[in-house]
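Thank you all for coming; please keep the sequence and the model open while I talk. I will begin with a metal site and then turn to a pair of helices.

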Amino acid sequence: MRRTALLLAATLAAPVLAAPPKAPSAAAEAQVLELSKQAIALRSVQGEGNKTADVAKLYKSALLGAGWAEKDIEITPVDDTAYLVATWQGSDPKLKPLIISGHMDVVEANPKDWTRDPFTPVVENGYLYGRGASDQKFSMVLAMVGLMELRKGGYQPKRTIVIAFSGDEETTMKTSRILADRFPDADMVLNTDGSGGALDEATGKPLYWTWDGAEKTYVDVQLEVTNAGGHSSAPRAENAIAQLSQALAKIGAYRFKAEQNPLTKAYFEKAARFESDPKLAAAMRALPAM
Ligand SMILES: [Zn+2]
């Protein structure tokens, strides 16, 4: 719940990066692909042989090569997994940090269910295949290499940027909770999980890429019914099982009211502006429902 609160508390601040986006270099694109493939090959699945810590080490060595110092990168083991925190110190210590969130673990994949081996990354016809190619090693690497490119290019952020990658998002979320507790005052969280983009169908050119400012989660509900009870020879209409079933039916029928927050508002306003560009408008409409 803390994590959700943290993420939902994120507000749209002024753009962190003032410079207009530049097209990535071929070297940066190659690094995204290479790092993604190396990460996919590491079976970061809960349980025996969990290689999440190795994914963290892989990312750490990439960050060290792009200007992060050893002292700025922590890999903390937790149970059979680990989480990664890499800090890029901002020039203004008064500003609250920007958190780049993501998860290094993946859901178990049984090779029998897959056309290709899930942990042997392969590129075919321009598509990367492997467990984590979508959820979410590629997208976290994309964000990380983006930051690495900025740093190598001499960019100095005003606010501290923290890469905070958890190691058990698909299972217990213990490391997510640790990270949420550690950064309760983030100015904004960009969640690389659930991110995605679209290519122009005619030209293959990238149209856009989105990151989340929050992540939908679920809620557990525990119902407990007590009443006077009775004897089965004289069943009462007011019995606990009937009451419980009525309550369950009510929960099933309940529909939450749609609510706006600064993030969803900005999203829909942006989408409205895209209406002037038919291709972008179509692409925005194709985004998954929120
Ligand atoms: Zn995910």
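Which spacing do the donors of the zinc ion follow along the chain? They follow H-x31-D-x57-D, where donors are N, O and S atoms within 2.8 Å of the metal (3.2 Å for Na, K and Ca), and since water is not among the atoms, sites may look incomplete. Please remember that this is a predicted model, in which local features need pLDDT of at least 70 and side-chain atom pairs count only at pLDDT 80 or more, while totals for chains, interfaces and linings use all residues. Residues are numbered from 1 along each chain as its sequence is written, and side-chain values use heavy atoms, with hydrogens and water left out.

The zinc ion is coordinated by NE2 of H103, by an OD atom of D135 and by two OD entries from D193, at 2.0 to 2.3 Å.

Now to the helices, which are DSSP runs of H or I with at least four residues. Helix α2 (residues 26-40) and helix α3 (residues 52-64) have axes, meaning lines fitted to C-alpha atoms over the stretch in contact, that come within 9 Å and cross at roughly 160 degrees, on a scale from 0 to 180 degrees between N-to-C directions. Angles over 145 degrees count as roughly antiparallel, and α2 and α3 are therefore roughly antiparallel to each other. In contact, meaning heavy atoms within 4.5 Å, L35, Q38 and A39 of α2 meet V55, L58, Y59 and A62 of α3.

Methods:
Helices (H or I, at least four residues) and strands (E, at least two) are DSSP runs, numbered from the N terminus. Angles under 35 degrees count as roughly parallel, over 145 as roughly antiparallel, 65 to 115 as roughly perpendicular and the rest as oblique.
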